[in-house]
Amino acid sequence: MISFFYSHPYLIGIVSCLLALASMPIVIQIAKKKNFVVRPNKRMSHVGEVPNIGGLAICFSFLLSYMVFTYNAFQEAQFLLIGVFAIVAIGVTDDILVLSPFSKLIGESLASVALIGFADIRITHLHGLLGINEIGLVPSYLLSLLIVIAIINAINLIDGVDGLASGLGIIYCLFFAIYFQLVGDTDWAILSICLIGALTVYFFYNVFGKKQKIFMGDSGSLLLGYMLAAFVFHLCEINAYHQVPEIYHMSAAPAVSICVLSIPVFDMIRVSLTRIRHHRSPFQADKNHIHHLLLRTGLSHLQTTAVLCAVSLLLIGLGILGRNWNMWMLVTVDFAIYALLTLIIWLIIDSKNA
């Protein structure tokens, strides 16, 4: 039976969907009963009180579906899964108690230790960037920690309109699932597929739910960022050491990863630099993210999500096309497309305000 599911990993995604369908109403009911909800405020445009711990249902269906069908790989993945529990715990705590940015950062760093230090999923090779290939243990740990924190917070910050974080997450995980399956890395493909199944159900509750609407909260966005960081590390490592068939090899794997995560990563960088330039803390919330800008052009939440998902597909296509380009060239083209998109949005906003 297990071998059958391994041969048809998309079926495990269906199981993850079914588990999410079963658990999401329960989480919504508990959240409303315990008052784990978000009320309308100056930073949010929703109506009524909306539960904000959807990440718990995502985590439950993702982990259970993975562990049931890949128990033979559990020993190898145990520290990764421990890290998942840790990052979700930090997210839930922040959703309920609202942690300070510093406390949250410390929590994310500690959870990342399970991924980098114990699971040993990290960056060990720079693919010839600046003439550097393999790097030492300490630089590997520090660089990997920086990347994990950056990706986690980039996904956390992009979670600002209905369906955006989950929609992008589904696209990103689908890319990794297809690639890992093509190169014969079935366990990693199943990890991605399980997350797709859970995110898909959440997407429909978040976007189309009325009385059953729910937000993923930090428990969901931190989980998604954490797993995407793991996928990025694995993608880069198997390509650095040529552990994939030559036809699927990516000499510019780090740049391809940037193409995949372009929207949240470049948005985080732009917003942080803008805040610093105006002498404000980069952790201070505002409405200057790219999804806020799109809303100001007159688009709805769903239209904003559709636009950014479409652009992400374009940039992933660029990454696939340029997978063996010079890394600087690929990142430059990628950034230029993002910068052009931002410029067009600002021009539309200015024309509406003229």
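This is a predicted model: local features need pLDDT of at least 70, side-chain atom pairs count only at pLDDT 80 or more; totals for chains, interfaces and linings use all residues.
Mentor: Local features here need pLDDT of at least 70, side-chain atom pairs count only at pLDDT 80 or more, and totals for chains, interfaces and linings use all residues. Residues are numbered from 1 along each chain as its sequence is written, and side-chain values use heavy atoms, with hydrogens and water left out.

Trainee: How do you know that the span of helix α3 agrees with its 16 residues?

Mentor: The expected span is 1.5 Å times one less than the number of residues, so α3 (residues 54-69) should span 22 Å, and its end C-alpha atoms are 23 Å apart, which agrees. Helices are DSSP runs of H or I with at least four residues, numbered from the N terminus.

Trainee: Why is T342 called buried?

Mentor: Buried means under 20% relative accessible area (1.4 Å probe, protein chains only); T342 has 7%, so it counts as buried. T342 sits in helix α14 (residues 327-353).

Trainee: And which residues does T342 contact, leaving aside neighbours within four places in sequence?

Mentor: Those are R270 and I290, where contact means heavy atoms within 4.5 Å.

Trainee: Which residues of α3 are buried?

Mentor: Among them are G54, I58, F62 and F69.

Trainee: What makes up the lining of the second largest pocket, by class?

Mentor: There are 12 nonpolar residues, no polar ones and one charged; Ala, Val, Leu, Ile, Met, Phe, Trp, Tyr, Cys and Pro count as nonpolar, Asp, Glu, Lys and Arg as charged, and the others, Gly among them, as polar. Helix α7 (164-182) gives the most to this lining, with six residues.

Note on methods. Helices (H or I, at least four residues) and strands (E, at least two) are DSSP runs, numbered from the N terminus. Buried means under 20% relative accessible area, exposed over 50%, partly exposed in between (1.4 Å probe, protein chains only).
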